[in-house]
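Biologist: Please show the sequence and the structure, and then let us take the questions in turn.

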Amino acid sequence: MAPDNADIVCRPEHGFSTVQVLASSASRGETHIVVHVVGSVAPDGSLSVEQPPSELGHDISLPLLDQAIELQFSLNLLCCYSRPSPLTGGSSLVKVKLDNFDQLVSNRQPDEVWIIIFHVSWCNACQKTLPEFAGASTDWKDGGEGVKVRFGEVDCTSSRNLREKFGIHSYPTIKIWTSWSNGGEEYTYNGIRSKEAITEYVSFMVRKNVQTVASLKEMEKQTERDARSSITIVSRDPEPSNLIEKVAIKMKDRHSFFILAPTDEALLSRIGSECDAGKETCIMISSPLESIVLPSHRHTPYYKVARLSEVAPSPIALEKWIDSNAFPGIWIVDESNSYNFLQGLQDSVIIAVDPTSKEQRDLASEKLLEANDNVTLAKQFRFGIVDGIYWSTTLSSLGMHQYNLPRVIVFKRSEFDVYWEDVQRLTVENLSQGLDEVVNGSLPSKDRRDNILLNRLAK
């Protein structure tokens, strides 16, 4: 039978999932029992023991075992389900395995969101990321979005089946499963692996797929810290169409989606003559305020406007249009957006600069803005600036070094190993001319895989 009264907390004892039971019963008086459990936890909080637990290294008596099995958790289920470790400390990470994945994640409650880190013990990057991920789980507070976020971990050293199920080939990998009310899709996180960035990503992913806002100012306030473009549907209908909802679900981890009525003067001024918002539905893709390099442009986001009927005859066509215009203007490229920046339908023009040199920053910004104003080049390329000191290892793998910054490099769309660079023909000073040579094919591309030495350096 269960004890008269009990409480459960977690203790990191001997590397097992640990339940500390503080039980008071008439037969034993005050009892302090530490039970090392090998088993599973049901959604209602009940404990199912698969291997007999022990009390501080001794066999536990049958009545006390019955108490441990029947006891219902009075604290949060997540508290005592994970295996504590020096990397995760006292966080609420749930230990996920193949035998409980379906129960916890696949069959999650409608309002549950799961974010899980896949790691292995021998991975140095995992050793650095796990405490950050655990810190995000500890700091996370469910807000007003009506969802409950659960943080979990999968040790791929022992859970090979889950690793194969999701095709995990690099570590750590962080995946998120959104709530069923938000589409219930699976996404992979590709941003900065810090506690703050992971928390911000979760906040971003628990938003509604398409948000209705009252003004352009409200939309920009919501996205001021985003590292992603925002997609605005200008329509008198406050509810998204099925087409918009489908695309928003598919691209949720890459963009914010909004619906805004064509009554906001600032919005109508921005749309201009590109689309008659009073008579038809318009779509606008905007860069975040902080994407533009030049200080004078910081509060003037770049944007692209079109008639929805022209660019969205189908969800696939709309996705393609968004991908082709996903990075309007000039972007500061860093770990928060570099993956998506290099994955689109345009080739990526990047100038690596010494961030301490104002002369280099100003020259790079000026030449990138000139190229962006060229309609042909703007259609073919997206433009960004990177910190050449921070990314020195990556640049070295491509034959570039700090002492010869600034340097221009162009990456082929979605093929990071294929690139263009030429210290004489593709320079910052003559950027547009060099990009013309890339477009017409007179400047040959390079492949990092063709150079054995560079390929080894890249790895």
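**Questions and answers**

Biologist: What is the torsion about the S-S bond of C275 and C282?

Modeller: A disulfide is a pair of cysteine sulfur atoms within 2.5 Å, and a search of the whole structure finds one. C275 and C282 form a disulfide, with sulfur atoms 2.0 Å apart. The disulfide is left-handed because the torsion about the S-S bond of C275 and C282 is about -85 degrees.

Biologist: What kind of model is this?

Modeller: Residues are numbered from 1 along each chain as its sequence is written, and side-chain values use heavy atoms, leaving out hydrogens and water. Local features need pLDDT of at least 70, side-chain atom pairs count only at pLDDT 80 or more, and totals for chains, interfaces and linings use all residues, the model being predicted.

Biologist: Is C282 buried or exposed?

Modeller: A residue is buried under 20% relative accessible area, exposed over 50% and partly exposed in between, with a 1.4 Å probe and protein chains only. C282 has a relative accessible area of 0%, so C282 is buried.

Biologist: Which strands are at the edges of the open sheet of six strands?

Modeller: Two strands pair if DSSP finds at least two bridges between them. The open sheet has the order β17-β19-β18-β20-β21-β22, with mixed pairing. Pairing on one side only marks the edge strands, β17 (330-332) and β22 (446-447).

Biologist: Which residue stands opposite A352?

Modeller: Strands β18 (residues 347-353) and β20 (residues 407-412) run antiparallel and are joined by five bridges. In β20, the residue opposite A352 is R407.

Biologist: At what angle to β19 does helix α15 run?

Modeller: Axes are lines fitted to C-alpha atoms, for helices over the stretch in contact, and angles run from 0 to 180 degrees between N-to-C directions. Helix α12 (residues 358-372) lies across β17, β18 and β19 (381-387), and runs at about 175 degrees to β19. Helix α15 (residues 431-440) lies across β18, β19, β20 and β21 (415-420), and its angle to β19 is about 125 degrees.

Biologist: Which element gives the most residues to the largest nonpolar core?

Modeller: A nonpolar core is a set of buried Ala, Val, Leu, Ile, Met, Phe, Trp, Tyr and Cys residues joined through side-chain atoms within 4.5 Å. Of the 24 residues in the largest core, I115, F133, V149 and F151 touch the most other members. The elements that give two or more residues to this core are β8 (112-119), α3 (124-139), β9 (148-155), β10 (173-177), β11 (186-189) and α5 (195-205). With six residues, the element that gives the most is α5.

Biologist: How many residues of β9 are buried?

Modeller: β9 pairs with β8 in the parallel sense over eight bridges, with E112 opposite K148 in β9. Strand β7 (residues 94-95) also runs parallel to β9, joined by two bridges, and K95 stands opposite E153 in β9. β9 is mostly covered, and of its eight residues the number buried is seven.

Biologist: How far apart in space are V94 and G152, C-alpha to C-alpha?

Modeller: V94 is found in strand β7. With a relative accessible area of 1%, V94 is therefore buried. Contact means heavy atoms within 4.5 Å, and the contacts of F151, leaving aside its neighbours within four places in sequence, include V94, I115 and F133. V94 and G152 are 58 residues apart in sequence, and their C-alpha distance is 4.3 Å.

Biologist: In which loop is P406 found?

Modeller: A cis peptide bond joins Y171 and P172, with omega of about -10 degrees, and P172 is found in the loop between α4 (160-165) and β10. The peptide bond from L405 to P406 is also cis, with omega near 0 degrees. P406 is found in the loop between α14 (392-396) and β20.

Note on methods. Helices (H or I, at least four residues) and strands (E, at least two) are DSSP runs, numbered from the N terminus.
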